[in-house]
Amino acid sequence: MRRNPVRILAIATTAVTLALTTAAVRTPSDESARKPTITVYKDPNCGCCKNWIEHLVKHGYRVDAKDTPDMAAIKRTLGVPDALGACHTAIVNGYLIEGHVSAAEIDRLLERRPRVAGLAVPGMPMGSPGMEGPRTQKYQVLAFDKNGKTTVFASH
């Protein structure tokens, strides 16, 4: 049987292309496999909460979203200080995440592992993840302890 070198080259090229494409497709899931799951408590009718969850997923996090009509009870139970309240509350690796904290700040929190209860972006500042729109405002990401004492973790 005679082999056609052009056909063999075409098959080899296709195999290499497929292997490279598969490797490229696998990279984001490999990254998300290393990132922990974030449990997000949110009001079932809140659009910005859904947008924030999309932001997290886009940055490699897996999200377990839990709709709850009584967010105040969730915040009280978890220990979110009243002054830091926002529309959704999350837990990741033992840390509380309150409001529109960016995936990059969560990454930094998990990398550094400071002795804090969590991070918060109080209120719903325009331009924060999940609150994108025609205008932006400056805001701070606050680290807080179990007593509610805060320090600035980042400014945007």
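Reply: Helices (H or I, at least four residues) and strands (E, at least two) are DSSP runs, numbered from the N terminus. This is a predicted model, where local features need pLDDT of at least 70, side-chain atom pairs count only at pLDDT 80 or more, and totals for chains, interfaces and linings use all residues. Residues are numbered from 1 along each chain as its sequence is written, and side-chain values use heavy atoms, with hydrogens and water left out.

Me: What counts as a salt bridge, and how many does the structure hold?

Reply: The criterion is a side-chain nitrogen of Lys or Arg within 4 Å of a carboxyl oxygen of Asp or Glu. The structure holds five. One of them joins Glu-105 to Arg-108, with the closest N and O atoms 3.1 Å apart. Both sit in helix α4, three residues apart, so about one helical turn separates them.

Me: Is Glu-105 buried or exposed?

Reply: Buried means under 20% relative accessible area, exposed over 50%, and partly exposed in between (1.4 Å probe, protein chains only). Glu-105 has 8% relative accessibility and therefore counts as buried. Arg-108, at 22%, is partly exposed.

Me: Which parts of the chain does the salt bridge of Lys-35 with Asp-107 tie together?

Reply: The closest N and O atoms of Lys-35 and Asp-107 are 3.3 Å apart. Lys-35 lies in the loop between α1 (5-34) and β1, and Asp-107 in helix α4, so the pair connects parts 72 residues apart in sequence. Lys-35 is buried at 13% relative accessibility, while Asp-107 is partly exposed at 28%.
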